[in-house]
Amino acid sequence: MATMAALAFTARGTSLRKCSSSLVGAVGSRLFSTRASVDTDDSEGAHKHPQSFVTDEVPLEDGELSDLPPFFHQNLRRGPSPPSHAKHSRHQNDGRDAYWRPPWKSRADIISAEDFANRPRVTFSEHFASLHDAMATLTWMTQNEKDGIYQMYCDLMTVMAEKGGDPKKDSWGVLTTNTSHEYIVRVIAQHYNITTSRAAGVIQLQHNEEQLKKDPNFKIRHDVQAYVDARVRDNHREVYQSYGEKDPMTFVEDPVASTGFLAREDVGSAAVMGSSDLVDIDALVKKVKRMEKDEASMRIKNHIYVEDVDDRTRNVKVDKEAKRLEKSQKALAGLYDITKARGDQEEKETVSIKTKVPPIPEGASPYPDNNVGYQETPKTRRPRWKFAAQIINTHTLENPPGSSQHGKRVAAKTKARRHGRIVDGNTLIEKDGEIRVATVAELEQTSWKHVRNESEFMFKGVKAAWMRRQLEQEVGGWGRQEEVYNEPEVEGESESEDSTENEDGEAEGSDNNEK
């Protein structure tokens, strides 16, 4: 078994090296906030990230990812093992860093991952003897912790925006705020020792609650939340006292070994492999573990974070076929124009009359909004429809360059592998007789949009509010808000108050008369 474990670790290290190289090659996205000059002096050993908002003051640490088996996270090129319908179903930016799990740090004492994985299969009890043996912890995130996470998010975003400067002064070709929600969420998750997905969810929910504070008819029950937090804390305290174990006191993530995602070591493989007695298994295991930690730390340092960019100013990628169609439309723009000659034949003057949108005579059809006009503008109609088309070269799809396989079956496999998204982008927009390249925001509204980036989708609402605040100077859509709830008056209470006031007045009058 020790020999099999060593060989498994060796294969695992090889797969990690391949995964690391593939991730570095996969991040080919454009960097909008790159540094003007990157210091790469090897003598000092200083490593500066190519993105300017990434600071060296907060070193990102490795979590429990190095303890996961190969293909636990889906590989972009090979997919999970064994192959399933989920192959190639994740966004290119969804990888190991997007679902970071913190290392185990807690006051609670639990069983080790090795002992938990090698526990007896058959027991005389249907449950564990204690929380320690179950590798379980009872934790609860209170409202104070949620407020701290959201306040830290607001402070970090504000500091990062001030450091980046005015986003409209930089000529990157697109509008960007020089910030990154993915990076901020990663820093907050490490600070509070929680997963990045949980940190993103807390930030988004707190943002929704802050926006509800602006509604004068909506009351946020802080008293109910405080009561629930107190009762849950009392329950956890009693449970840990009954078992005689340490209470974690704060919220902590479950160890990945107790989640059921990991297979048992003794049922990982049924194959038997031979090995020489000269192989030092312990040294080999330590070497592979050290190599995995180095690979993970290097992957974190070289990770390219998704920046906060206005997708309305960023065009999609197009190939030569789409560019040729765009040029052809511009060349044939005046094909159906009518020319009229004026004056003598020697001095002929032509007047071009556009006939793309034929004039509609008055009275032929009413204008919108009961003949008032579009948006109360006289004699105006609604804007035309916007048409989107994806340009696909079926010949190239059936005959991919540099491949020995051809035919419709190859094209069908390509389509199935990309979930119907045959090509990336390559979309043209036609509106008011003009053809142009589609923006990323327009592409996301079509049926062939990109595969959802789960890590970005978690904080989609708060990120959109931040973009509006920075680029459109919106006020009150992001950050802390003042609660303006108006307590409704009850008719019975108001009448009782008036009656008590009248009784008090009558009593005072009677006292004065007696005097």
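Because the model is predicted, local features need pLDDT of at least 70 and side-chain atom pairs count only at pLDDT 80 or more, while totals for chains, interfaces and linings use all residues. Residues are numbered from 1 along each chain as its sequence is written, and side-chain values use heavy atoms, with hydrogens and water left out.

The chain contains 16 helices and 5 strands. Helices (H or I, at least four residues) and strands (E, at least two) are DSSP runs, numbered from the N terminus. Of its 515 residues, 32% count as buried. Buried means under 20% relative accessible area, exposed means over 50%, and partly exposed lies in between, using a 1.4 Å probe and protein chains only. Among the contacts in the chain with a separation of 6 or more, 73% are accounted for by residues 24 or more positions apart; contact means heavy atoms within 4.5 Å.

Which residues of α7 are buried? They are D229, V232, R233, H236 and Y240. These residues cover an arc of only 105 degrees around the axis, which puts them on the same side of α7. The arc is that of the directions from the helix axis to the C-beta atoms. On the other side of α7, the exposed residues are Y227, E238, Q241 and S242. The cover over the buried residues of α7 includes α3 (131–134) and α4 (143–164). After α7 comes G244, with a positive phi near 70 degrees.

Helix α4 also packs on α6. The axes of α4 and α6 come within 9 Å and cross at roughly 90 degrees. That angle makes α4 roughly perpendicular to α6. On the α4 side the contact is made by Q143, K146, D147, I149, Y150 and Y153, and on the α6 side by V202, I203, Q206, H207, E209 and E210. Axes are lines fitted to C-alpha atoms, for helices over the stretch in contact, and angles run from 0 to 180 degrees between N-to-C directions. Angles under 35 degrees count as roughly parallel, over 145 as roughly antiparallel, 65 to 115 as roughly perpendicular and the rest as oblique.

Q143 lies in helix α4 and is buried, with a relative accessible area of 14%. Not counting residues up to four places away in sequence, Q143 touches Q206, E209, Q225 and D229.

Helix α6 (residues 196–212) has another partner in helix α5 (residues 181–192): their axes are 8 Å apart and they pack at an angle of about 110 degrees. This makes α5 roughly perpendicular to α6. The residues in contact are V185, R186, I188 and A189 of α5 and T196, A199, A200 and I203 of α6.

Charged pairs come next. Side chains of opposite charge can pair when their charged atoms come close. The structure holds 18 salt bridges, a salt bridge being a side-chain nitrogen of Lys or Arg within 4 Å of a carboxyl oxygen of Asp or Glu. E210, K213 and R480 are linked in a network of such bridges.

R324 pairs with E321, their closest N and O atoms being 2.8 Å apart. Both are in helix α9 (residues 320–331), where a spacing of 3 residues separates R324 and E321 by about one helical turn. R324 is exposed, at 53% relative accessibility.

A salt bridge also joins the side chains of K386 and E442, at 3.1 Å from N to O. K386 lies in the loop between α10 (368–371) and β3 (387–390) and E442 in helix α13 (residues 440–443), so the pair ties together parts that are 56 residues apart in sequence. K386 is partly exposed, with a relative accessible area of 43%, whereas E442 is buried at 13%. E442 forms a salt bridge with R436 as well, with 2.7 Å between the closest N and O atoms. R436 is partly exposed, at 33%.

Finally, I391 sits in the loop between β3 and α11 (394–398). I391 is buried, with a relative accessible area of 15%. The C-alpha atoms of I391 and L428 are separated by 7.6 Å, although these residues are 37 residues apart along the chain.
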